[in-house]
Amino acid sequence: MTPPIGQTERSTGHSPALSAYCRFVDGLNDRLGWLLGPMIVFVSAAIVYEVVSRGMFRSATTWVNESVVYGSSAVYLLVGGYALLHRRHVRIDLLFGVISPRIARAFDLAVLPFLIAYALALMIAGGQLAWASFLQGEGTGSPWNPRIWPVKACIPLAGLLLALQAFSNLFRDLGLAPSRTEDSDGTGRR
Amino acid sequence: MSIEIISLLMAVSFVGLLVLGLPLAFAAGAVAVIFALALYGPPGLVLVVSRVFTLLGNSVLVAVPLFVFMACILERSGIAEDIFSAVTAWAGGVPGGLAVAVIITSTLMAAMVGVLGAEVVTIGIVALPAMLARGYRKDLALGCICAGGGLSTLIPPSVVFILYGLTAGVSIGQLYIAGIMPGLLLASLYIAYIVIRAKLNPALAPRASARESNLPIAQKLALLRNLALPSLVVFAVLGSLYLGWATPTEAGGIGVAGAALAALAKRQLDWTNIRQAITETTRTTAMLYWLFFGSSALIGVYTLAGGTTMIQDFLTAFPLGPMGVLLMIQAIWIVLGAFIDWIGILLLTAPIFVPVATKLGFDPIWLGVLFCMNMQISYISPPFGPAAFYLKGVTPPEISLTDIFVSIWPYLGLQLLTLAIIITFPQIALWLPATMGN
């Protein structure tokens with residue numbers, strides 16, 4: 001999945017350490033997205049199974065709804081960094097047609113601390129919530145009542161993945177690491 | 001610090017971050033975090049994160065990836081081509097027949113596809129070459145594709161309705177059913193416009209040759225078979241919702257199964273297509289979820305600070321009366337729609353506007369339909385209307401972005417007309433959901 005880079009790093013001003021960081025983070029988020037994405041197939045199947053079993057045998061399952069809801073929420077939380085890697089988070093490109101690339105890079109630098117602040121909040125407060133939930137053995141409160149802390153633990157993890165990816169994108173945009181040569185992923189749906 | 005000053009600071013910092021290029025989802029999240037910390041200290045952060053967690057447990061949210069997945073499967077199955085060829089065979093004879101077929105195809109596709117974008121590209125690839133080869137004038141050919149693509153916002157299973165229902169706390173099933181009549185009304189107006197223009201000036205849209213328009217009836221019937229499976233998918237999804245058999249999430253699951261069957265019947269359900277559909281679903285849904293997290297956190301902090309109440313008090317005490325407030329809301333949506341993506345507008349304004357409108361005696365379901373109509377306008381209107389950009393991606397190089405935007409004006413006019421009709425006669429939207437089963 002990671003595009004072949006390598007010899008292009010000579011004499012381009014790319015930092016080897018940052019290039020390695022970008023390759024690692026991009027690879028991590030890309031594999032995560034690739035791995036977690038197919039969950040939607042199981043979610044669909046579980047729901048169809050639920051509908052059929054309810055319709056035919058009048059017996060609603062207790063576990064399908066909750067595992068589908070929390071499972072898919074956790075997945076789409078964790079792939080926030082993956083969507084950032086592929087630049088799929090909607091933004092307003094009001095100025096980007098008219099400003100020079102240098103100024104655009106300055107803007108990127110200026111907004112990064114804000115994204116990191118959000119990610120840090122998810123990590124710190126999310127970590128506290130998850131830890132408290134783990135200690136309590138908190139459940140969902142349904143008849144099935146599974147433990148809820150693994151879902152809560154995805155919040156700080158997602159914050160971390162997002163922050164890592166934000167730095168990787170920035171390094172690549174600033175020219176400190178080679179740019180990703182892929183762009184054939186269905187480009188910018190608004 | 002007074003709530004007026006807090007509101008101003010929040011708005012300025014949010015807009016500032018957006019203009020500097022931070023994605024909507026993170027700009028909302030960051031402003032929420034900063035103001036939560038400033039106003040409430042570290043416990044404020046817990047508030048932000050709890051808002052995110054509450055959303056994780058919402059069972060309706062799962063309907064979003066399901067309908068996106070359904071759309072992604074159908075998009076790759078070549079069903080749009082089938083529908084277009086069948087509709088052309090049957091309706092191709094009327095004046096402006098190919099453009100009429102585009103609107104009918106878009107309407108049928110809209111009943112299966114709930115996300116914007118996909119349709120304009122697919123139909124642009126299928127129908128535009130046919131129309132240009134026949135000698136249709138550019139503006140007629142381009143405008144109908146963009147306008148038709150917007151119908152997926154209004155006609156169920158629109159993802160806009162899911163997120164509106166979640167934000168406003170109203171039934172998504174009812175919203176879906178309420179969108180049907182206004183969607184069909186709009187599509188009929190498009191068709192009427194095309195037929196009248198083509199009739200007044202036949203040079204705009206040359207008629208099909210006698211050979212083309214007189215297919216043997218057996219062949220016409222054979223093409224009709226193309227419509228069978230897609231129609232079945234539409235009826236399974238909407239029917240189960242209308243009759244109250246399935247929740248929106250379950251309807252989404254049924255839709256995915258139906259889409260997979262339809263693709264399988266066309267032998268398009270191979271590994272590459274599945275993998276692509278999954279990838280597209282993951283990226284689109286991740287974007288939508290994170291936007292939901294961020295804006296929910298922002299609205300949460302703003303509400304706690306008293307801002308939502310302030311705006312609501314201001315709007316309810318507005319001197320122009322309920323209708324004045326409603327029209328102002330429409331104007332705000334249309335203006336914002338020219339700059340911000342629909343989902344940002346929805347998530348940030350609906351929590352404030354819907355309670356106000358309800359308090360003033362307006363039906364929140366009806367308001368949801370109006371919202372979708374506004375977002376259709378933003379979908380095609382210059383200078384950022386995404387429909388034009390999608391279409392530009394698949395047009396021959398001699399067609400410019402300006403050509404596309406110029407072609408859009410008459411359709412924009414029809415959208416505004418329909419919006420006015422639905423505002424004047426809410427019953428057009430509301431009578432069908434009133435007959436639903438539970």
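A salt bridge here is a side-chain nitrogen of Lys or Arg within 4 Å of a carboxyl oxygen of Asp or Glu. With that in mind, welcome to the tour. The model is predicted, so local features need pLDDT of at least 70 and side-chain atom pairs count only at pLDDT 80 or more, while totals for chains, interfaces and linings use all residues. Residues are numbered from 1 along each chain as its sequence is written, chains are lettered from A, and side-chain values use heavy atoms, with hydrogens and water left out.

Start by selecting Arg88(A) and Glu280(B). These two form a salt bridge, with their closest N and O atoms 3.0 Å apart. The count between chain A and chain B is one salt bridge.

Next, select the whole contact (heavy atoms within 4.5 Å): 58 residues come from chain A and 64 residues from chain B. How much area do the two chains bury between them? About 5,700 Å², 73% of it on carbon and sulfur atoms; this is the accessible area (1.4 Å probe) lost on putting the two parts together, summed over both.

Now color chain A by helix, taking helices as DSSP runs (H or I, at least four residues). Chain A has six helices and zero strands.

Buried residues make up 45% of its 190 residues.

Note on methods
Helices (H or I, at least four residues) and strands (E, at least two) are DSSP runs, numbered from the N terminus. Buried means under 20% relative accessible area, exposed over 50%, partly exposed in between (1.4 Å probe, protein chains only).
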